[in-house]
Amino acid sequence: MLVAGWHYSGLRRGGNMALRTVTTEKAKITELIAIADRLVGDRLHQSLTDVDKIVLEQALRGSKLKDIQVVGYAQGTVERVFAPRLWKLLSQACSQKVGIKSLRLILEDYSQQVQPNSLSVGSDSLENALHRADEVSTPGPQDSPNGISLGGRFPQGSLRESPAQPSILENLPAPTSTAFIGREAEIERLLHLLSPDHAAHLISIAGIGGVGKTSLAVECARRCLAASRNPQSYPNVPTFDALIFVSAKLCYLQSFGLLQRFDPMRSLQDILQQIADVLGETELAGASLNEQIQMIRRSLHGSSSASHAPRRTLLIIDNLETMENPQMVLSFLHDLPPSVKSLVTTREQSVFVPVRLVAMPTDEALSLIQHEAQEKGVALNPTERRALLRATGGLPVAIHYAIGQLANGFDLATVLQGMSNPTGDVARFCFETTVNGLHGQPSHRLLMALALFPTPVLRETLFQVADEAASPDALQEALAQLCQLSLVNQQDHRYGMLPLTQEYALAELKAHPDFAQAARQRWVAWALQFSEPYANQEVKTWHLSFDGLQEEWQNLRVIADFCMTEGWYDELLRLWNHVKAYTYSMGRRKGRTDYWGDRLRWTEWLIAQATQRSQWRTLAEVMLDRAWTLTATRKPRALEEAEQVFEQIQTLRDYQDQPFQTEWAKKMSVLRTQQQQFDEAHQLLDEAEALLNPADWSAGKYARQRVQLLYYRGMTHFKAGQIAAAKQVFETARAQAYEVGWERAVRMTENWLADIAVREGKLDEAEQLLVEGLRIAEQQDDPTRSAYVKRSFAELVQARGNPSEAQRWAREALTLFEQLGMPYEAEETQAFLNGL
C-alpha cells in the first residue's frame, strides 16, 4: 500500500511537473512571439501577421520547415513564401541574419533584456520593458565607438521611442502585407484630415468593395500609432492617445475563398463595448443604451495619462453600410467630443468629409502586382502582369486574390478566367450584398443598362437605354444612388463603371432576359439616332463635322459588333452608312489598323448578308467600299483581294448607275497604278472621264471629281517615270483645286510638285512647297500628310548633300508610317535610309 501509494504520489507529482513544463514552454513561446512582434513593430513599423505567428509558434516548438502547416495554404507556400518572408523581416528588425535554426537563440537573447512579466497586460507593458532594455544597451564610456554593446544585439537607439514614452491604447489589426503600395496622395489627404489642425471630426473613406478602404484606414492609423509612440521621428503625422478599430465586415476574401467572420460588430452596442474594452475604464454591463452612450462619451472626453488634456482618440468604423442601424451610428459619432476623430469606411458616398477611392492607377496597380508576386514567390513577366492588371481592373482585393491563387498552384489562364466570373469569389465579395438590395428598383435597371457601354456615357444616353418610360426625376435619383454606392463613377458629365463591376452587371443583365432584350433594342436605336447626322460626308476634305463622335466611338463599335453577332443586318447597314466616312478619315489620322480593320470586318459580313438577301445594289456599294479600303492599305495580299472584289463588282453593272461606275473606274485605276500596270490605269481614267456627267453631280462634287481624276493621272505618270507629263497634270489639278477651295487637294498636289522640283534640281522651289505643306498638315492634325511631306524633305536635303539631315527627316517619316499602319510606305522609307 505504502509503496503503491508512494508510486502513485510520485507519478502524480511527476505529471504535475510535466504539465508545468509544458505550460512554461508554451508561455515562453508566447513571450518570444510577442518580442518578435514588438521588434518588428518598433523598428520597421509593421506587425507580424497571423500566418507569421503560426509559423513562428511551430518553428519555436522545434518543427522542421517542411512540417510547418498553415490551414488553408499548401505546404509549398509556407516553405516558398511565408517562411522566407518572415526570416527576412526578422533579420531586418534584429540587424542580423535570422533563420529557423538561429531563431530561438536570437529571440531568447533579446528576451534576457526584458522582464518576463512585462509581456502581460498590466501597468508594465512590453513596450516599456523593451524601452528599458534599450536603455541598458545605450553605449557609455566603456562601450565600443560604433555604439554597439551587449554582443552587438542592440544597436544604438534600437527600440527607444522617447525619453518618456507614452502608453498608447490601441487594437489595430495587423497589416496583411509587408508593405503598403500606392495611394500616397490619399494617405497624405487623410493624414491632413486627421490632424488636430483640421476641423473635420467625421471623415469617410468611400469606394466600391475591394478597392482598399480598410487597408488605407489601417495604414494611416498605423502611421499615426508610430508617430504617437515616437513623435520626434514623425513630426507631421497626427498623434493619438487611443486608436480603436471596430469592424462590421461580414467576410474576408482570401486566396482560398471567402471566409465568413464569426462575430462581426453590427450594432451601436458592439461599438460601445469595443471602445470600452480598449480604454479599459468603463463597465457597461447592466446599463441602458443611453447610459452606455453617456459613459463612453465621458470616457472619451477624459484626460490622457500623459497630460491633463482631453484624450485624443481615433475611432475607425469599418464597413458602416453593414451596420444594423447606420443612421444611429452616425448620430453617435457626430455627437462625440471634438478630441475624437471618427474615420468611417463605407461603400456609400457620404455627405461628410470624404476620401473617395477608385481603382488604383496603372503604375500603382502594376507595382502592387509585382510586390505581391515577389512576396509570394510567383514569377510574372511584364505581359502577364499587364494581363492581371486588365483582369483585376486595378482593384487591390482582386490583385491579392489573383496572386494568392497563382501561389497556390493555379495557372494564369484559370486565374484570369476566374476574375471575370460573375459568380466567383471576387465578384461576390465586391458586389453581391450591394447589388442584391437593388433588385426591382430603377437603380438596378440603370446598372444593367450601363454595363452595355464599354466606355462612359452621358446621362441622357443612359436614361434612354435603361428605361425610356420612367420619369427623369426617378432615374436621376436612381443614378445618384448608384454613385453613392460606388457602383457607378462620374467624370466630366459621363458615367461609367469598373471592369469587374461591369462583368457582374452583365451577369445581372443575363439573369433578366426580358429587360435585356428591350434594353438592347433601345441601345441599338440610340446608336442609329446618334450617328445619323454624320452620314453622307465626303472624306476628301480636312473640314469634316465629326465633333462628338470620337467620344462615343468605342460604344458604337461594340453595338456594331453586336448587330453582326446577332444577325441584325438592317441595323448594321444603317450604322455602317452613318460612320463609314468617319472610319476612313480616322484611319488616315489615327491609324489604319484599328479603324480600317473595323471597315473590313463589317463589310465582309455585310457582303455575305446582302448576297443571301439578293440586295445587289447594296452589295455593289459595300463591295466597292471594301475594295477601296484594301487598295488604300497597299499590302500585297490586300491588293490581290481588292482586284478580285473590283472584278466581282463588274458582274453587277446592271444594278449600278453612272456615278457608281465612275467611282469604280477611278478607284480601279489606283489599284492598277500600284500594280505598275500604267497603261491600264490610264485607260480606266479615260473611262471615268467619259462617264463623268455634270448632270449626275452637284456643282461642287463634279468639280472635285475632275480634280481627283487629274490627281490620279498625275500620280500614274510620276510612277511610270513620265516626270514632265506628271508636272503638267499636277499643275492643272492644283489650279482647279484652288478654284473650288479644296485646300487638302492643293497641298497633296504640291507635295508631288515638290518631288518633281527635286528631280529637276529646283531645290529652293521644292523647299518652299514642302515648308508650307508641312505647316498646314500639322495645323490640320493630319499625320498621313505630315509623313509624306517629311519623306519628301528627306529627299530634298539629300539632294543638297546633307545625308545626316536627310536621315533625321526620313526617320521621322518612318516613325509616322509605322504608327499609322502603312507598311508599304514604311518599307520605301527604310530602303531610302539604307541607301544613305
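Two strands pair if DSSP finds at least two bridges between them. That is the sense of "pair" in the close-ups below, which come from a predicted model.

**View 1. A six-stranded open sheet with parallel pairing.** Follow the strands across and you read E1-E3-E6-E7-E2-E8. The edges belong to E1 (169–170) and E8 (353–356), each of which pairs on one side only.

View 2. To get your bearings, look for Ile203: its bridge partner in E8 is Val353.

**View 3. Helix H10 lies across part of the sheet.**

**View 4. Helices H32 and H34 come together.** Two packed helices are described by the angle between their axes and the distance between the axes. Here, H32 (residues 783–799) and H34 (residues 823–834) have axes that come within 12 Å and cross at roughly 15°. Angles under 35 degrees count as roughly parallel, so H32 and H34 are roughly parallel to each other. The crossing of H32 past H34 is left-handed.

**View 5. The side of H32 that meets H34, residue by residue.** H32 brings Tyr788, Arg791, Ala794, Glu795 and Gln798, while H34 answers with Glu825, Glu828, Thr829 and Phe832. Sorted by class, this contact holds four charged, three nonpolar and two polar residues.

Key
Residues numbered from 1 in each chain as written. Predicted model: local features only at pLDDT ≥ 70, side-chain atom pairs only at ≥ 80, totals over all residues. Heavy atoms only, no water. Axes fitted to C-alpha atoms, helices over the stretch in contact; angles between N-to-C directions. Helix = DSSP H or I, 4+ residues; strand = E, 2+ residues; numbered from the N terminus. Parallel < 35°, antiparallel > 145°, perpendicular 65-115°, else oblique. Left-handed = near helix turned anticlockwise from the far one by under 90°. Contact = heavy atoms within 4.5 Å. Nonpolar A, V, L, I, M, F, W, Y, C, P; charged D, E, K, R; others polar.
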